[in-house]
Amino acid sequence: MTDQQINASANASSAQTENIKRVFGKQKSNALILRTSTADNRIAKIKKLRDAVLARRERIYKACYDDFRKPETEVDLTEIFPVKLEANHAIQHLKKWMKPVHVMPTKVTFGTRSYIRYEPMGVNLIISPWNYPVNLTLCPLVSAIAAGNTVMIKPSEMTPHTSAFLRELIEDLFDENEIALFEGDATVSQQLLDLPFNHIFFTGSPAVGKIVMAAAAKHLSKVTLELGGKSPTIIDQSANIKQAAKTMAFTKYTNNGQTCIAPDYVYVHCAVQHDFVAAVKQEINRAYGQTPDAQQASPDYARIINNNHFNRIKGLTDDAIAHGAQLDAGGIATDDGENFISPTVLSNIDKTSKIMQEEIFGPLLPILVFDDISEVIDHINSNEKPLALYIFTNDKESAQKVLNETSSGDACINTGLIHYLHANLPFGGVNHSGIGKSHGIYGFRAFSHERSVVRNLFAPTLLLAPPYNKFVKWLAKSVVKYMS
């Protein structure tokens, strides 16, 4: 790079930084005004966003296809529908969410009236990922609008067509003093993270989540981190194998496995291992085609996002096989020109292989065998807490044992992924797989400050004020003894 190019790059970066700071300043001023926005004001904005997304479906289809050949039906189900669902739920319930929540006084606070106010956090930052670029950008945005905030958005540079669409969408719908979107690479993310946001909502990997949390700590910014991890699946001998296999094929290979709550590995009881593997292979053939060529030609199968991720996932397969894994389906059929890897099933997995050490985020399904459920529980507990845990069983006691003795962000029994679409449930991880919850009222609360308000009616607290004479001392001892 010449000196002239270096200077031009530095000038462009400096201009971007100044523009980000300018917009941040405008949003900080406007955030004070939005604190008094009504439910009707916010609902109108959410409706405007929802309707614009529905009106531009063809643009979304094309952008997602151009970025990673995402099938139109998958775009409907995993990008557009979740946004519509989140928006409709907020529109229906927002007036109730915004109402003060009255709480009963305790013995100590007898004579007061108290309530909780839900107030906007202020200026918020949403950093969204590439795997579901529309869904994971606009769903948190709905929650932020519902809570009455201003928002700055940084989508992923790995999906440039979808990010460009999102920028145009936001610019058409909102003034930059309320909602603004900035495209660019990690440099832009860092420029944003240098600012004192009131709240940061990040979706991505645990490694980057740590960087975001460290940046937030400099300003004591509140964070919601939607991360990931190795989400396990357990299939015991009582499970409906056909149902489990169909669910695994659907939840694992949708979006080419690039889903934070996709099953990362499967523990199958030794008594049903062969039946399960055969059933999964049958489902792969039914859904995507019976040969590698048919699967590559399938219009229903997305692609790996880029060549770097393609090589990483292919490397996981090669390493697993080098450690003795058996290739039961796929794996061999790859095309780096298209970033295509066929739906892959691997068994006889060595736990020291790379495929068991890092989140796969691709169409590889490692299968391990167990005889005693306790060994599975021990393995899960020996690793970081996962974002999701899936159990397939018809034994209620077995399911309860797993839930009681493990920890995960969320869990499903005899199904998968559907919890993400349950608007009345909190969604999110725990520790390494995430901090905070989202969706529905939980997303509204994530972007809100819960402010406690106490109003005195006839509370006798001043009887305990100095000077501490004989009566006050007696009263204080009585309070400690009888009322605390």
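This is a predicted model: local features need pLDDT of at least 70, side-chain atom pairs count only at pLDDT 80 or more; totals for chains, interfaces and linings use all residues.
A residue is called buried here when its relative accessible area is under 20%, exposed when the value is over 50%, and partly exposed in between (1.4 Å probe, protein chains only). By that scale H274 is exposed, because its relative accessible area is 63%. Keep the scale in mind, as it returns throughout this tour.

Residues are numbered from 1 along each chain as its sequence is written, and side-chain values use heavy atoms, with hydrogens and water left out.

Let's begin with the whole chain. It contains 16 helices and 18 strands; these are DSSP runs numbered from the N terminus, with helices being H or I over at least four residues and strands being E over at least two. The C-alpha trace spans about 85 × 65 × 45 Å along its principal axes. The radius of gyration, taken over C-alpha atoms, can be set against a globule rule of 2.2 Å times the number of residues to the power 0.38. For 484 residues a compact globule would come out near 23 Å, and the chain's 26 Å agrees with that.

How much of the chain is buried? Buried residues account for 52% of the 484 residues. Contacts, meaning heavy atoms within 4.5 Å, also tell you about the fold: of those in the chain with a separation of 6 or more, 73% are between residues 24 or more positions apart. The accessible surface comes to about 22500 Å², and carbon and sulfur atoms hold 55% of it. Those areas come from the Shrake-Rupley method with a 1.4 Å probe, and for residues only the protein chains shown count as cover.

Charge comes next. The chain carries 50 positive and 49 negative side chains, and the centres of the two sets lie 14 Å apart. Lys and Arg count as positive, Asp and Glu as negative, while His and the chain ends are not counted. Each charge is placed at NZ of Lys, CZ of Arg, CG of Asp or CD of Glu.

Q273 counts as buried because its relative accessibility is 16%. Leaving out residues up to four places away in sequence, Q273 touches V268, S347 and V369. H274, the exposed residue we opened with, also sits in helix α10. Its C-alpha atom is separated by 22 Å from that of H379, 105 residues apart along the chain.

Helix α11 (residues 292-297) holds Q295. Is Q295 buried or exposed? Q295 is buried, because its relative accessible area is 6%. Its side chain reaches the backbone oxygen of G289 at 3.0 Å. That is a polar contact: a pair of N or O atoms within 3.5 Å where, within protein, one must be able to donate a hydrogen and the other to accept it, and residues adjacent in sequence count only if both atoms are side-chain atoms. Beyond its neighbours within four places in sequence, Q295 is in contact with several residues, including Y288, F340, S342 and P343.

S342 and P343 lead us on to G330, which touches S342, P343 and T344 when residues up to four places away in sequence are not counted. The C-alpha atoms of G330 and S342 are 5.2 Å apart, although the two are 12 residues apart in sequence. G330 is found in the loop between β10 (326-329) and β11, and it is partly exposed because its relative accessible area is 28%.

N339, in the loop between β11 (334-335) and β12 (340-341), has a positive phi near 55 degrees without being a glycine. N339 is buried, with a relative accessible area of 13%. N414 also has a positive phi, about 60 degrees, and is not a glycine; it lies in the loop between β16 (410-413) and β17 (434-435). N414 is partly exposed at a relative accessible area of 21%.

Our last stop is I441, in helix α15 (residues 440-446). I441 counts as partly exposed because its relative accessibility is 22%.
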